[in-house]
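Here's a quick tour of the model below. Have the viewer open as you read.

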Amino acid sequence: MARQNNKKNNSHNKNKNTHKHSRPERSPITALYADAEGEIFDAPGIGAVGRMGDDLVAIQPGDLIPLPDTADLMFLPERYAVGIDESGELVVLEGRAVAAILPAGYTRTMLPGFEKEENASRLPLYGYSAVVVYKDELYVTAIYTDENHKWSPEFYNTPDLKKLVHKVKKDLPENPLIDHLANCSLEWHCCTAENLFYRRWECGIPTSPVCNANCFGCISLQPAECCPSPQSRIKFRPTAEEIAEVGLYHLETAPEGIISFGQGCEGEPSLAADNIAAGIKLIRAKTDKGQININSNAGYTEGIKKIVDAGLDTMRVSIISAIPESYAAYYRSNYQLEAVKESIRYALDHGIYVSLNMLYFPGFNDRQEELAAWKEFFRELPVQMIQVRNLNIDPDAFLEIMPEAKGTYVGTKAFLQELQQEFPQLVIGSFSHYVE
Ligand code: SF4
Ligand code: SF4
């Protein structure tokens with residue numbers, strides 16, 4: 001797959017195939033496609049279409065924001081671009097579909113429309129968004145959901161990083177977590193690993209090589225915003241003392257210091273509950289500074305309870321749906337959604353700040369039945385925050401494994417607005433923030 005700089009250029013297109021599609025007037029929003037070399041062109045006179053669930057829909061100006069500077073463009077192999085011609089027909093263009101990969105903090109509201117070649121292989125795990133030309137600029141179907149200042153690339157991988165790693169290795173010479181995190185920083189440029197060496201903000205402490213779920217798009221086995229490679233998944237189990245040594249080192253001096261278990265390319269941290277709980281107790285016996293966070297699927301309630309009791313401050317729970325069948329279809333776990341809810345209930349009862357890491361796919365989470373289930377969920381479990389995350393996945397493969405829609409979808413903006421209206425206390429964003 002070729003990645004392109006943000007580039008466009010007029011060129012002709014050939015209509016390969018047509019379907020009827022209603023489009024009342026000529027769209028000022030133009031479709032894009034890529035040629036065999038991966039060069040990206042616009043298709044004058046062809047309106048852009050995006051995808052919601054299985055449906056192709058005409059993109060409207062209100063769906064668009066300017067393409068963020070740090071987004072990447074890529075073409076979709078074995079998939080033709082599609083658009084709408086002036087008579088309202090859906091047309092398949094002789095060129096590859098183009099997608100934008102958004103930086104963290106942006107939530108896509110539509111996927112790119114495309115038509116697959118026969119026997120096309122599955123797409124790699126990225127969060128593909130529709131991208132178009134509008135007012136002579138590139139625009140994407142997305143909304144800005146969180147301020148991403150701390151995750152800005154200029155703060156990472158700076159020329160002094162090697163020296164800083166060397167210094168921490170000297171300070172904590174016996175701790176195997178430091179070697180692991182040094183490799184995550186220097187080799188894979190993992191932001192939360194680098195924060196340990198920069199002595200600031202959120203630092204990941206991986207603890208568990210194993211998981212109790214088998215997610216269809218497992219984040220620890222795919223490139224993600226902070227975990228670029230499955231190779232960096234941790235292979236050993238750090239002891240309580242090793243966890244506490246790194247945790248103390250970070251929390252005692254880091255501004256807005258957070259240590260996070262379950263940061264990305266590890267398994268499920270609550271399966272290392274005994275070591276984590278004992279580590280937290282050692283840390284909290286010496287300092288009350290900073291925050292201790294866990295990112296968890298929360299399916300192992302007994303482990304979560306131990307970690308909460310030891311002195312956890314915040315918990316972020318990965319979740320895709322509040323409907324048991326949808327949850328089970330994606331997580332394929334050895335526990336049920338009810339166990340996740342029990343863990344959340346226990347954490348809330350013990351004063352923990354709970355966020356949901358909501359894996360988001362336009363046209364799935366905003367289905368009417370999913371929205372109704374979320375409302376029920378938040379009435380029962382008043383968590384403080386939702387972090388909306390673009391689900392990195394092949395759209396067709398995802399929809400094949402999920403239950404069929406019972407109703408229609410309401411759209412991403414309406415979905416979030418309805419939740420916000422009914423639950424005004426709910427913070428809607430995309431990242432963990434330092435909780436004052
Ligand atoms: S819970 Fe996390 S580590 Fe486990 S399978 Fe799912 S994404 Fe992977
Ligand atoms: S998230 Fe992955 S790359 Fe980052 S520190 Fe943890 S194990 Fe290493």
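## Two helices side by side

Helices H1 and H2 are roughly antiparallel to each other, a label used for angles over 145 degrees. Their axes come within 10 Å and cross at roughly 175°; axes are lines fitted to C-alpha atoms, for helices over the stretch in contact, with angles from 0 to 180 degrees between N-to-C directions. Helices (H or I, at least four residues) and strands (E, at least two) are DSSP runs, numbered from the N terminus.

On the H1 side, the touching residues include Leu161, Val165 and Lys169, and on the H2 side they include Ile178 and Leu186. Contact here means C-beta atoms, placed from the backbone, within 7 Å.

## Where the model comes from

This is a predicted model, where local features need pLDDT of at least 70 and side-chain atom pairs count only at pLDDT 80 or more, while totals for chains, interfaces and linings use all residues. Residues are numbered from 1 along each chain as its sequence is written, and chains are lettered from A and ligands numbered from 1 in the order in which they are written.

## The open sheet

Seven strands line up as E14-E15-E16-E17-E18-E19-E20 in an open sheet with parallel pairing; a pair needs at least two DSSP bridges. E14 (202-204) and E20 (427-429) each have a single partner strand, so one side of each lacks a neighbour in the sheet. From one strand to the next, the twist averages 25°.

E15 (258-261) and E16 (291-296) pair over 4 bridges, with isoleucine 258 bridged to glutamine 291 of E16.

Terms used: Angles under 35 degrees count as roughly parallel, over 145 as roughly antiparallel, 65 to 115 as roughly perpendicular and the rest as oblique. Two residues are in contact if their C-beta atoms, placed from the backbone, lie within 7 Å.
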